[in-house]
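I opened this entry to keep track of what I looked up. Overall figures and a few single residues are on my list.

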Amino acid sequence: MNFSKWHGLGNDYLLVERAELAFPLTPERVQKLCDYHFGVGSDGIVEVTSTNGDSASVVIWNPDGSTAELSGNGTRIAARWLARRRGSGEVRIHVGLREVVATMRDGKQVEMDMGTVEVFLPETIEVADEPIEIVPVMVGNPHAVIRREPERHELLRLGPLVENHERFPFRTNVQLVRVDGPHDVRVGVWERGAGETLSSGTSAVAVAGAAVQYGWCESPVTVHLAGGDLDVTLDENMNARLIGPAEEICSIELSEELEL
């Protein structure tokens, strides 16, 4: 079985075509493949289920075996993979209910139309006997944006508590945000089903959406993450465009014994 390993600012994914698999992916197999000690190790798997010219459909697997409605980095990786394969400057990636149009830019950069960002009214939830104000955001998947210094110890403490809070029956992604200027935010990301991650495309879009909606920043917004920077532009209707890199690390031939 041939996989390729990619990353978007340190958020790494295995990419595989379903037709190339010796056995179907299951939550248990995904967990094993993503394990850094007993598998290959990754923040998730991009499974290409079908291709049709310059379009592809994918399933994004989290390392805990769950699937994501959308992934900015995973989708960007799929787009660069397909564009290179087809020799195209623009491709379309279908993830869940969304179609993402991706345009190849200079170097490893990919610009993606991420669709509409839904930013809701701030709420206060109780987390470990502490009131925490969150801004719920939907980018095809759920997010809880928290304006707080993105210190790692706070991210590791609050991330899993907010992710699994009763307010979010299907769990949520979590971001701690510091506003550094009219076009700059620094963000720590706790990703649903993955934990602390160096980068997240949908998290960057969610944070930019909240920042623009509530006047913390103006579009465009540069989101500074642990793995590097992503740029988000929002129009007057809160449609988002995301620009960031995607890069192949290596190709991997896996033993079919991983089925066990």
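Which residues does Glu 247 touch, not counting residues up to four places away in sequence? I looked up the contacts and found Lys 5, Trp 6, His 7 and Lys 108. I note here that the model is predicted.

**Entry: Glu 247.** I placed this residue in the secondary structure next. Glu 247 is found in strand 19, which covers residues 247-253. I then checked one of its partners by distance. Trp 6 is 241 residues away from Glu 247 in sequence, yet the two C-alpha atoms are 5.5 Å apart in space.

**Entry: His 153.** I looked up a second residue. His 153 is found in helix 3, residues 152-163. Its relative accessible area is 53%, so I log His 153 as exposed. I also took a distance from here to strand 19. The C-alpha atoms of His 153 and Ile 252 are separated by 34 Å. Along the chain these two residues are 99 apart.

**Entry: helix 1.** Which residues of helix 1 are buried? In this helix, residues 27-34, I found Arg 29, Val 30, Leu 33 and Cys 34 buried. They sit on the same side of helix 1, because they cover an arc of only 125 degrees around the axis. I then asked what covers them. The cover includes strand 1 (2-8) and strand 2 (11-17). Strand 3 (45-52) and strand 4 (55-61) are also among the covering elements.

**Entry: whole chain.** I counted elements and got four helices and 19 strands. I checked the radius of gyration against the globule rule. With 260 residues, a compact globule would have a value near 18 Å, and the chain has 18 Å, so the two agree. The C-alpha atoms fill a box of roughly 50 × 40 × 30 Å along the principal axes.

Burial came next: 53% of the 260 residues count as buried. I also looked at contact range. Among contacts between residues at least 6 apart in sequence, 60% join residues at least 24 apart.

Entry: The chain exposes about 11,300 Å². Carbon and sulfur atoms supply 47% of that area.

Note on methods:
Residues are numbered from 1 along each chain as its sequence is written. This is a predicted model: local features need pLDDT of at least 70, side-chain atom pairs count only at pLDDT 80 or more; totals for chains, interfaces and linings use all residues. Side-chain values use heavy atoms; hydrogens and water are left out. Helices (H or I, at least four residues) and strands (E, at least two) are DSSP runs, numbered from the N terminus. The radius of gyration is taken over C-alpha atoms; the globule rule is 2.2 Å times the number of residues to the power 0.38. Buried means under 20% relative accessible area, exposed over 50%, partly exposed in between (1.4 Å probe, protein chains only). Contact means heavy atoms within 4.5 Å. Accessible areas come from the Shrake-Rupley method with a 1.4 Å probe; for residues, only the protein chains shown count as cover. The arc is that of the directions from the helix axis to the C-beta atoms.
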